[in-house]
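Please keep the sequence and the structure in view while reading.

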Amino acid sequence: MIQLLAPTHWKDYELIDCGDFEKLERFGSVTLIRPEPQAVWKKTYSEQDWKKTANITFRGRSATSGEWVKKNLSIPDRWHVEYKNDEVAIKLRLGLTSFKHVGVFPEQAVNWDFISSSIKKFKTPQPKVLNLFAYTGAASLIANAAGAETTHVDSIKQVVTWANENQELSGLKDTRWMVEDALKFVKKELKRGKKYNGIILDPPAYGHGPNGEKWKLEDHIQEMMQDVVQLLDEKEHFLILNTYSLGFSSVIVENLIRTSFPAVKNLETGELYLQATSGIKLPLGVFGKFCNV
C-alpha cells in the first residue's frame with residue numbers, strides 16, 4: 001500500500017500555507033516566502049496575511065537564482081534550528097542562498113526518524129551508514145547521533161563544509177566527509193569490498209560531480225541502485241531512496257528497488273508531504289525504504 005507521510009513533531013518548522021507557486025513557512029523564528037513549483041492551487045490565506053507574517057521573501061531573477069528581500073534589515077542571513085525525536089537531537093545552521101534554498105528539506109524529517117529508529121534496532125555495535133547526495137548533512141548527523149559510523153558523500157565542497165559546521169553545532173564528531181561524485185564513490189567502495197548497514201540516497205533530478213561528471217536521475221538511477229544494493233550488509237541493513245522529480249512516482253521507485261534487489265523485505269513506498277497550518281497538503285517527493293534486522 002502506498003503511504004502518505006509527513007513530519008509530525010518538528011517544533012522549529014511550520015508550513016503555514018502554500019499556493020500560487022509559493023510557500024509560506026517558518027524555520028525557528030524566521031518566516032519565509034519561497035517559490036514552490038508544486039503549489040499549483042490557490043493560497044488559502046490572503047495575500048495580506050502572507051505579507052504580514054513573512055520576515056523575508058525570495059524574488060527570483062531566473063530559474064536558478066534570485067535575491068532575498070527582508071522586511072527588516074536586522075534579520076540575520078544565518079540562524080539555527082533544532083530537530084529532535086525520541087532517539088536523537090541535532091542542530092542545523094540555516095542560511096539564505098542565491099538559489100532559494102536555506103540548507104534543509106523539512107519533509108526529510110520523516111526519513112530521519114526512520115534512520116535513527118533503524119540504527120537503534122541493529123545488534124551491530126557501531127553500524128556503518130553511507131549517505132549519498134548528502135547535501136548539508138542532516139541525515140548524516142541523525143545517523144551519527146544514533147551511534148553509526150557515518151560516511152557523507154556530496155560533490156559540492158561548499159555544502160560538505162556546511163555539513164561539517166552542522167556537525168560541530170550538534171556537538172558531534174568523526175563523520176567521514178567525502179567530496180566526490182556519488183556513483184564513482186559507490187563503484188570504488190564495491191572494489192574495496194566495503195559493506196554498509198544503512199544507505200541513504202536523495203539524488204537530484206540533475207547534477208554535476210566535482211570533475212564535471214553529469215548526473216541525470218532517469219539515466220543513472222538504475223545503475224546506481226544495482227551497485228548500491230551490493231554494498232548492503234547481508235544480515236542487518238536499511239535503505240532509503242528519496243526522489244524529488246515531477247516525473248517520478250512511488251511505483252517507479254518500488255520497481256527500481258525490487259528489480260535491483262529481488263530479495264528485499266519490508267519494503268515501504270509512498271509520498272512525502274508537508275501539512276500546512278492552513279489545512280492544505282504540499283507533496284514533496286516520493287520514497288522507497290526497507291529495514292532488515
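Leaving aside residues up to four places away in sequence, Asn111 touches Ile240, Asn242, Leu272 and Lys289; contact means heavy atoms within 4.5 Å. Asn111 has its place in helix α2. Helices (H or I, at least four residues) and strands (E, at least two) are DSSP runs, numbered from the N terminus.

The model is predicted: local features need pLDDT of at least 70, side-chain atom pairs count only at pLDDT 80 or more, and totals for chains, interfaces and linings use all residues. Residues are numbered from 1 along each chain as its sequence is written, and side-chain values use heavy atoms, with hydrogens and water left out.

Buried means under 20% relative accessible area, exposed over 50%, and partly exposed in between (1.4 Å probe, protein chains only).

| Residue | Relative accessible area | Class |
|---|---|---|
| Cys18 | 0% | buried |
| Pro37 | 40% | partly exposed |
| Asn111 | 3% | buried |
| Asn166 | 0% | buried |
| Cys291 | 11% | buried |

How many disulfides does a search of the whole structure find? The search finds zero, where a disulfide is a pair of cysteine sulfur atoms within 2.5 Å.

Asn166 lies in helix α4, residues 157-169. Not counting residues up to four places away in sequence, Asn166 touches Lys91, Leu92, Arg93, Thr136 and Leu141.

Pro37 is found in a loop, between β4 (30-35) and α1 (47-53). With residues up to four places away in sequence not counted, Pro37 touches Phe21, Lys100 and Tyr244. Gly19 is 18 residues from Pro37 along the chain, and their C-alpha atoms are separated by 9.2 Å.

**Helices α2 and α3**

Two packed helices are described by the angle between their axes and the distance between the axes. Axes are lines fitted to C-alpha atoms, for helices over the stretch in contact, and angles run from 0 to 180 degrees between N-to-C directions. The axes of α2 (residues 109-121) and α3 (residues 138-145) come within 9 Å and cross at roughly 25°. Therefore α2 is roughly parallel to α3, a term for angles under 35 degrees.

Which residues of the two helices meet? Trp112, Ile115, Ser116 and Ile119 in α2 meet Ala138, Ala139, Ile142 and Ala143 in α3. The residues of this contact divide into seven nonpolar, one polar and no charged. Here Ala, Val, Leu, Ile, Met, Phe, Trp, Tyr, Cys and Pro count as nonpolar, Asp, Glu, Lys and Arg as charged, and the others, Gly among them, as polar.

Definitions and conventions
Angles under 35 degrees count as roughly parallel, over 145 as roughly antiparallel, 65 to 115 as roughly perpendicular and the rest as oblique.
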